[in-house]
Every structure is written in structure tokens, then in C-alpha cells.
Amino acid sequence: MPSGGETEKAEELNEKLDAFARDLKQGSIEGSYNVAYRTVSLLRIVIAQSKCSSAKDVMESVVKEGKRLIAAQQSETAVGNMVRRVLKIIREEYASALRGKSEEGDPQESLHKMLLAEGQLDDLSRSVPNLKATVLDAISELIIELENSADNIAGQALEHIHANEVILTAGKSKTVEAFLKKAAKKRKFQVIVVECAPFYHGQALAMSLARANIETTVINDSAVFAIMSRVNKVIIGTHTVMANGGLKAVNGSHAIALAAKHYSVPLLVCAAMFKLSPKYLCSYDQDAFNKFVSPKDVMNFEEGEIASRVQIDNPVFDYVPPELVTLYVSNIGGNAPSYVYRLLSEFYHPEDHEL
Amino acid sequence: MNSPGSQQNNMASKGKGKQRGEDIQQEDVFQAVVIADSFNVRFAPITNEKPKSLLPLANTPILDYTLEFLVSAGVQEIFVFCCHLADQVRTHLRQSKWSECSSCTITPVLSESCMSMGDALREIHDKSVIRNDFVLVFGDVVANIRLQDILQEHKNRLKDKTCPKNKNSVMTMIFQKVPPGHRSRNKEDDIFLAVDKSSNRVLHYQRVRDQSKLQIPVDVLADNSDVLLRYDLLDSQISVCSPELLSLFKDNFDYLNRDHFVKGILDNEDIMEKTIHMCVINDGYMGRISNLQMYDSVSRDVVCRWSYPLVPDTQTDEGGQIISHSRHNVYTSKDVMLAKGCVLEQNVLVGRGTRIGNNTRITDSVIGKDCKIGNKVVIENAYIWDGVTVEDDCTVNTAVVCDKAVIYATTTVNPGCVLSWNVKVGPMVTIATGSRLQATKDMDDDFGDELTEADQDAVSMINYGSQSQAFLYQPPEDSDDEDSDLVQDMFGHSIQSETSSEASSLSEESSEDEGMLDDEELFYSELLDTLVKAKEDNYNTENLILEINSLKHTYNIAIRDLYGMVMKGLIEIPLRASDNLDPGAQLLSVKKNIARYKALIMNYIKNEESQLDCLHALEDFALSNKTVNSVLVKLLHILYDADVLSENVLIKWHRMDKEDEYKAIKKQVTPLIKWLEEAEEETSDEEIGSD
């Protein structure tokens with residue numbers, strides 16, 4: 001009987017993973033927070049169901065399922081990020097279980113310790129009792145961190161938005177929405193929303209902000225430069241923070257960032273840490289970077305007479321180089337783009353960069 | 001006091017009923033029937049070896065697109081009905097990712113004996129596996145529409161108690177708005193329909209099939225106040241059906257396909273009390289690969305990402321290959337080898353393990369796995385499948401090249417060609433427009449007058465190159481194919497009309513010419529028969545003329561062509577009769593024949609113009625017939641002697657500018673003309689002298 005139950009469970013998990021992969025492929029999941037959250041919850045089940053006790057085996061099963069999810073949608077970096085976070089957690093728990101409670105004691109020697117630790121961590125196959133339980137605990141902590149990340153970011157709103165400022169934002173980012181709404185509770189300011197054709201998510205954001213009694217103006221994408229001179233701050237969300245501190249953000253962000261640079265307007269990026277990716281940009285149209293969707297947003301299929309004679313590209317993302325970003329507002333505080341590399345080594349293990 | 005209690009009871013029972021209803025609804029499994037066969041020969045000879053649903057579209061079997069679409073639309077149970085080469089479909093389903101699809105069970109249903117979609121549905125009815133409203137599609141559909149919404153709409157309609165016409169709906173047909181002039185439109189799927197505007201009920205459905213007049217039954221307009229006539233829809237044959245549909249098919253065994261069904265339901269709406277509804281999607285894409293033209297069109301849509309997320313770079317096959325997409329819709333697998341100087345212009349997909357040589361140019365094409373493309377090759381608009389070799393300096397334009405075909409060096413493949421499995425062509429030949437080639441001879445082709453095998457081999461060597469292994473595919477004329485009366489869209493033609501309208505008009509003209517030619521040939525053979533008969537039965541000239549004239553009217557032959565043909569006939573008959581004699585004797589019999597029918601000839605060939613026409617005809621005759629060619633000079637001399645041709649006309653004809661092919665002939669007759677000219681000069685000299 002128990003074995004029957006287990007296979008049933010495994011099947012159920014497999015079904016869930018499949019459904020998630022399909023949703024990723026379809027692009028039907030809204031927001032990278034949901035992607036990250038579902039990834040971690042699924043990986044938690046994967047670990048909970050795995051019978052092996054050594055870190056190596058657990059990591060293997062995580063990598064296997066992780067790869068499958070990543071393959072479903074290359075451009076959804078949050079999946080890969082979360083897989084790497086989980087792997088890092090397993091490594092840490094394994095190391096601390098082997099060495100007992102040594103690490104927390106003296107933070108001064110941390111760099112030195114890390115160097116030494118590398119050598120010890122080579123062998124991951126030793127069986128450690130209770131590893132699964134501690135890993136699951138740590139993953140629960142990660143889930144709580146994810147859940148709180150939006151609140152943590154919004155909590156810093158008052159440090160950045162001051163009375164009577166003019167804020168420009170683009171597209172629809174849930175993080176930015178919460179950030180602005182939080183600030184609006186205490187202060188009065190004006191928001192200009194760039195509509196972001198051809199998806200027009202900006203219009204939805206403007207509606208939501210207007211309902212929260214924030215003075216909101218919608219402008220079209222081409223008016224960004226004209227309007228920039230009267231803007232005090234640009235606050236945008238992003239899809240991914242690249243390893244060099246650059247952004248993979250909604251189409252049109254680069255133009256906004258350049259205009260902001262021209263007028264020396266500070267550009268703030270609200271991004272939770274699960275958006276931090278260890279990947280670099282190698283080419284603008286590389287599959288792992290951009291996502292090209294159906295041209296139907298640009299032109300209707302009915303107009304195929306024209307469509308068959310022209311090339312219609314409908315990219316979703318833009319790359320913004322790190323020098324155009326002033327500050328990242330993340331759930332662990334504000335950071336400059338040049339600090340991103342340090343965050344990377346804090347969150348991910350270098351061996352996991354390439355899965 | 002009683003009444004409230006009973007009401008309560010009622011309420012309770014209602015509540016229970018509702019609950020049970022909900023339970024059943026939760027158990028409702030979203031089902032789909034995929035007909036993985038089209039029951040026609042549009043893709044022959046390719047489909048002789050592989051069922052259509054397994055042919056690659058952008059390097060992925062077509063069936064995979066259909067299944068992917070259904071699975072991602074939330075279908076939980078799919079029955080794939082396979083008929084032609086059913087084993088291959090079953091093996092494919094077993095071996096591919098579909099066998100371990102967790103959210104959906106895919107069951108193949110095999111039946112080799114089915115001849116139509118109707119048979120297939122009856123078979124499925126007998127198995128009684130369909131319990132709910134289901135989706136009915138063909139196994140050659142690429143779509144990304146939201147089926148769930150349409151299914152819900154259909155279900156709501158069935159629950160609608162207020163309107164019986166809604167409640168009795170058995171089918172919701174799904175259409176896409178594709179106005180005339182769109183490249184996805186093709187003659188075969190051209191439909192016209194009348195719908196009730198408010199309820200979307202279909203009132204009249206008709207395939208257009210090139211008719212310029214469309215008739216709508218009067219009662220359609222009389223019985224409904226708000227009728228919408230639509231000619232801007234593309235029918236991809238995707239429909240949401242009630243389970244009753246199967247029993248209706250069962251009851252009416254003359255329904256062969258969906259058209260019959262729709263017509264049957266609409267015609268007998270009063271008796272059967274069943275209705276059909278329609279739905280036009282406004283978001284999403286769908287296309288059905290019903291013929292080669294649609295294959296081309298849908299392939300482009302997939303490469304141009306209209307079908308997103310069903311695009312090459314999101315599909316992973318059994319090898320787990322990752323295809324990367326770069327600008328101008330160029331897709332390449334990771335291990336593709338591109339030599340220096342080769343250009344992938346736009347809308348190109350190159351499969352795994354393919355090598356492409358120097359200075360090769362590829363545009364709007366799909367190249368399969370493990371192909372070898374040589375240097376300086378030009379590939380436009382072509383669909384090249386797996387393991388194909390294209391050697392140096394070839395040009396392939398608008399063609400489908402199947403697995404393991406070989407195109408040897410310096411070969412040109414003209415638009416509209418299909419090179420089926422393992423066909424080899426070249427080197428140094430041009431494959432004529434619209435040829436459909438296969439690697440083996442038609443075995444069932446045992447008509448006596450056909451060429452012998454050795455002859456066929458020889459013909460293919462001449463037409464398709466010295467290393468060729470290719471035979472022309474002849475579509476069966478008396479095929480019992482259900483819609484053989486439909487206009488077959490020629491793959492090449494339609495594509496030409498796409499790329500340039502000029503080319504299409506040209507090709508149409510040429511096809512008309514061909515039609516004329518056939519008429520002419522028929523007329524000519526009749527004429528010969530008449531002449532032979534006249535000789536045997538000793539007709540008098542007047543009767544013969546009468547007969548020929550009536551023939552001319554039957555076949556609608558231009559008078560100018562007639563002159564030539566009469567002449568040709570008069571020469572050919574004696575030549576044929578004296579086939580084995582030496583040229584001198586042959587000539588003699590011709591001379592006799594001409595002398596005999598002089599009255600006939602003089603009846604037709606009266607003035608200079610008709611003489612010229614006659615000369616042109618002889619010229620063509622000489623080109624096609626060696627014997628005539630060798631004796632042409634003498635023939636002309638005979639005709640000149642018989643006063644049929646005048647010297648002026650002969651000289652005039654000789655001086656006329658002509659194409660290269662005729663130059664040899666002109667050269668041949670030069671001595672005669674010279675002699676004529678001299679004779680004329682002499683006479684004129686004499687005349688001058690006599691003056």
C-alpha cells in the first residue's frame with residue numbers, strides 16, 4: 001500500500017510539473033513573482049518526495065526537474081534563479097550539517113572560510129541525517145522571503161518618493177504599483193505612465209493608480225523624451241537583473257533610460273532578489289535573452305496581404321546597460337548596479353551558474 | 001402550512017440536484033477527436049509512404065502541432081483516428097513525448113478500412129467513448145486559439161432554456177476572419193455562409209468552388225430578420241460538437257464529411273430540429289494544411305511566429321535540441337554548420353546537423369535535419385526535409401523536397417515541384433514547373449499504350465538528368481476521392497500569384513494554351529481519320545470539305561490553324577502509309593496525294609496569308625518529324641510546282657525573322673529560295689530584256 005501511495009504522489013507531482021511547464025510555455029503566468037513562487041513550491045515537493053539522503057542525489061533531482069522547467073521557457077529567468085537558490089541552500093545546509101555550527105560564529109574570516117570551504121565541499125555524496133528536514137526548513141524560509149519581497153520593497157517607498165515629485169514609470173510592474181501606492185498613502189505626487197505599445201500594459205497600471213487617487217497621466221512611447229525634462233525620478237520594474245547589473249525590462253525601457261540619462265534624471269529599478277540572474281547578455285536576439293511573440297499585437301492576421309510582404313517583429317524585452325541605472329531597490333535594500341556581482345556570489349554558488 | 005414545507009423539500013432536492021450536477025461537471029472530461037487522415041490525395045505522391053499528419057511542418061510533425069494545441073487548450077482525453085498508414089501514426093504517438101503526457105491521455109484508434117470522415121466518426125460512435133461535448137479537428141491543424149472559451153459558449157447555448165434553437169445546437173464551427181486576397185485563402189476552402197446575427201446560428205453554408213453566382217435559399221432570408229452574409233472567413237474545420245453528432249452520423253450513413261453533415265442538418269432543420277452555430281475568433285491563429293498551398297502558407301505563419309507559442313524555438317523534439325531564434329526570423333539549431341559567405345536572409349529554419357556551403361543564399365525556406373547544401377546554391381521558398389543533399393550551383397525555388405532526396409550539381413528546380421522520398425535528379429538539368437516526382441514507377445499503371453519500362457527509364461534520364469532516379473507522378477484520374485470535383489490548387493501556380501501577379505497571369509495563359517493544344521490535337525487526329533476514310537471511301541472533294549468544316553466547328557479551331565493542319569495531314573498520311581519505303585518513294589506518294597487533293601487544298605489556301613500560315617505549319621511539322629525535316633526542301637518544291645505556294649510567299653517566309661530553332665530549317669531551304677530568286681530575277685530580266 002505505501003508504495004502505491006508513493007507512486008500516486010510521484011504521479012501527482014509529475015502532473016503538476018507538466019502543468020507548470022505548459023503554463024510557462026504558454027506564457028499564461030502573470031508576473032515573475034508567481035513564476036518564482038510556483039517554482040520554489042514545486043521544488044520543495046520534489047525534495048520532500050526524494051528518498052535519498054545525500055546532498056548529491058537531492059541536487060541531481062532538483063537539477064533534472066529544474067532543467068525541464070527552464071527548457072519550457074528560456075526567457076523566464078526566475079525559474080533558473082530559483083533552482084539555483086535551492087541548490088545553494090542544499091549546499092549550505094549540507095556543509096553546515098557536516099561541520100556543525102561553525103560558520104555563524106566569526107564573520108570576519110568569512111572570505112577565508114569560503115575559500116577553505118570550497119575544498120571541503122567537493123564531496124557531496126556523504127550521507128547526512130536530517131538533511132532533508134533542514135533543507136525543507138530553509139526552503140520554507142525562502143518562500144517567506146518571496147512572499148514578503150514586494151512589501152519589503154514598498155516599505156522603502158518613502159525614502160525615494162518625496163512630496164510633489166513627478167515620477168515616470170513604464171508598463172505594468174506589480175512591484176512598482178505597490179511601491180507607488182504605498183508612497184501615495186503618505187505623500188502627494190504625480191505619476192506619468194508610458195503606455196508601452198503594443199501590449200498597452202501601461203494603461204492598465206494607470207487605471208489602477210488613478211483608482212488609488214494618484215494623479216496619473218498616460219503618455220505614448222514616443223513622448224518619453226519630450227516629457228522627461230519635467231520628471232524628477234524614473235521608477236521602473238524589470239523582468240530580470242543581469243549579472244553585470246544591466247536590465248532585461250519591458251520593451252521601450254532603454255529609450256526611457258537614455259532619455260533619463262540625457263536629463264540627468266535618476267533611474268530607480270524596483271526588483272526583488274529573485275529576479276537576479278547569473279547570466280550575461282551576449283547578443284540582443286539570443287534566445288535566452290529576448291522573447292519574440294506573435295505579430296498579432298502589431299498587426300491583425302486579417303491584414304495578411306500586407307503582413308506577408310513585410311517582416312513584423314514583436315520583441316517583448318529591452319536590454320538596459322548598467323551605466324544607465326542609478327539604483328536598485330530590492331527587498332534587501334538599495335544597491336548600486338556595480339554591487340550586483342557581490343549579490344550574485346551571495347545568492348548563488350558559482351558551480352550552479354551553468355546547470 | 002403544507003406548502004412551505006414542500007417548498008423546502010423542493011429546495012432541498014433542487015440543491016441536491018445541483019450538487020450532483022456540479023459533481024458530474026467536475027468529472028466532465030474535455031475530449032477531442034483528431035482525424036489524422038484527410039481522405040484525399042492532395043499530397044500524393046508524398047503521402048504514399050507517410051501519412052499526411054506526420055509530414056514535417058517547420059521540422060516538427062504536423063500532428064504534434066495539433067496535439068500541442070489541444071493539450072494546451074486543456075483537453076484531457078484525445079482520440080487520434082488513423083486510417084491510411086495507421087501503424088506509423090501509432091508508433092509516432094508511442095515513441096514521442098505524447099506517450100508520457102500527464103495531463104492528457106492520447107488514444108490511437110486504428111481502422112484501415114475507413115474511406116471518409118463519416119466512416120471514422122461512425123467507428124468512434126461504435127466504440128462509445130465520447131461522453132461529453134468534444135472538439136473535432138483534423139490531424140493537420142495548427143492553432144493557438146482559446147478552445148475553453150468556445151466550449152463554454154457551446155455549453156451555455158445548450159443550457160439555454162429560452163431558445164430551443166440554441167438548445168438543439170449540435171455543433172459550433174470555428175472560423176477565422178481572413179478576407180479575400182489573403183494568402184491563407186485558397187480555392188478549396190473558400191466558403192460562403194449566412195448566419196443569424198444575434199444568435200450566431202448558421203443558416204446557410206456553401207463552398208464557393210469558383211462559382212461566380214451564389215444562391216441563397218429564400219426561406220433563409222424570409223424566416224430570419226437579421227441575416228449576416230459572410231465571405232471573409234477561413235474554414236479550418238475545427239468544431240466543438242455535442243455527442244449527438246456521432247449518432248447523427250451513424251443514422252445518416254450517406255454523410256461522408258462535415259460538409260455533408262452541415263448541409264444535411266441545415267436542409268432538414270425543421271424535421272431533425274438540430275441547429276449549427278458558428279463562432280469567429282478574434283484573438284489567435286488557426287490554419288489547416290489542406291493542400292500544398294496551405295502547407296506553404298501555414299509554414300510561413302509558423303516561421304513568422306503567428307502561431308506563437310507553437311513556434312520552432314519553443315518546440316523541443318526527442319533529441320532535446322534547442323533552436324535559437326535570431327533577427328529576420330532566422331532559426332538555427334546549435335550544431336548547424338554554416339560556411340563562410342553563406343547568407344540566411346529571412347524566415348529561414350535550419351535543422352540540426354545540417355551543413356551549408358560557401359556563398360549559398362537561402363530565404364523563406366525550411367531546411368530539415370542532417371541536410372547537406374553545397375556551395376553557391378540558391379534556395380527560395382522551398383521546404384527541404386531531412387537528410388537531403390543539394391549539390392553545388394543548384395537553384396531550388398518554391399518546392400517541397402522530401403527525405404533523402406538528392407539534387408545533383410547545377411540543377412534548377414522550377415516553382416511548384418514536389419520531389420518525393422528518395423528522388424534523385426540531375427546533374428545539369430532543369431526540372432519543369434509543377435512536376436511531381438517519385439522514386440519508383442507507378443506499378444498499377446498497366447495501360448497498354450503506356451510507355452514500356454525501358455522507355456520510362458529513358459524518358460526520366462532525359463528529363464531529370466543522367467544520375468536521376470525520378471518518375472513523374474500521375475494523379476489517378478478516376479479517383480473515388482470525395483471531393484475530386486474540387487479545383488485542385490496547383491502548388492506552384494498559387495505561389496507564383498503570390499510572388500508576382502504577372503507570373504500568375506502568364507502561367508494561367510500557358511495553361512489555357514495547353515487546353516487549346518489538346519483541342520487542336522484532338523481535332524488533328526479526327527482530321528487524319530477523316531482524310532484516311534475519304535481516301536478509302538473515295539469521297540468527292542466537296543463532301544470532304546464539308547466534313548472538315550464541321551469538324552472545325554466542333555473543336556473550335558481557328559481558320560488559320562486549319563490551313564496548316566490540312567496541309568500537314570495531307571503530307572502525313574502518305575508518309576505514314578509508306579513508312580518503310582525509301583525517301584524517294586515516300587516523296588512520290590506525297591506528290592500523288594497532293595495532286596489528288598489539289599481542289600481541297602485550293603479551297604483553303606487561296607491567298608498569300610493562308611500560304612504563309614501553311615508554311616509555318618510545315619515548319620513546325622518539320623521540327624517535330626525527322627522524315628519531314630529531311631525532305632522539306634523537296635516538299636516545298638512539290639507544293640511550288642503544284643502552284644499551292646507562290647514564289648513570293650516562299651521568299652517572304654524565308655526572310656521573316658524567326659527564333660533560333662527555325663533557323664536551321666531556313667538554312668536548309670536556302671538553295672530552293674536562291675533558285676527561286678534567281679528564277680525571278682531571270683524572268684524579270686527577261687521581261688526587262690523583252691522590253
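Modeller: Two strands count as paired if DSSP finds at least two bridges between them; strands (E, at least two residues) and helices (H or I, at least four) are DSSP runs, numbered from the N terminus. This is a predicted model, where local features need pLDDT of at least 70 and side-chain atom pairs pLDDT 80 or more, while totals for chains, interfaces and linings use all residues. Residues are numbered from 1 along each chain as written, chains are lettered from A and ligands numbered from 1 in written order, and side-chain values use heavy atoms, without hydrogens or water.

In chain B, strands E25 (383-384) and E28 (399-401) run parallel, joined by two bridges.

Elsewhere, E8 (169-177) of chain B runs parallel to E13(B), with seven bridges between them. Met173(B) has Met278(B) in E13(B) as its bridge partner. E13 (275-281) of chain B is mostly covered, as six of its seven residues are buried (under 20% relative accessible area, 1.4 Å probe, protein chains only).

Now the helix, H20 (626-641) of chain B. Its 16 residues should span 22 Å at 1.5 Å a residue, and its end C-alpha atoms are 23 Å apart, which agrees (the expected span is 1.5 Å times one less than the number of residues). The buried residues of H20(B) include Val628(B), Leu635(B) and Tyr640(B). Just after H20(B), Asp643(B) takes a positive phi of about 65 degrees.

Terms used:
Buried < 20%, exposed > 50% of the residue type's maximum accessible area, 1.4 Å probe, protein only.
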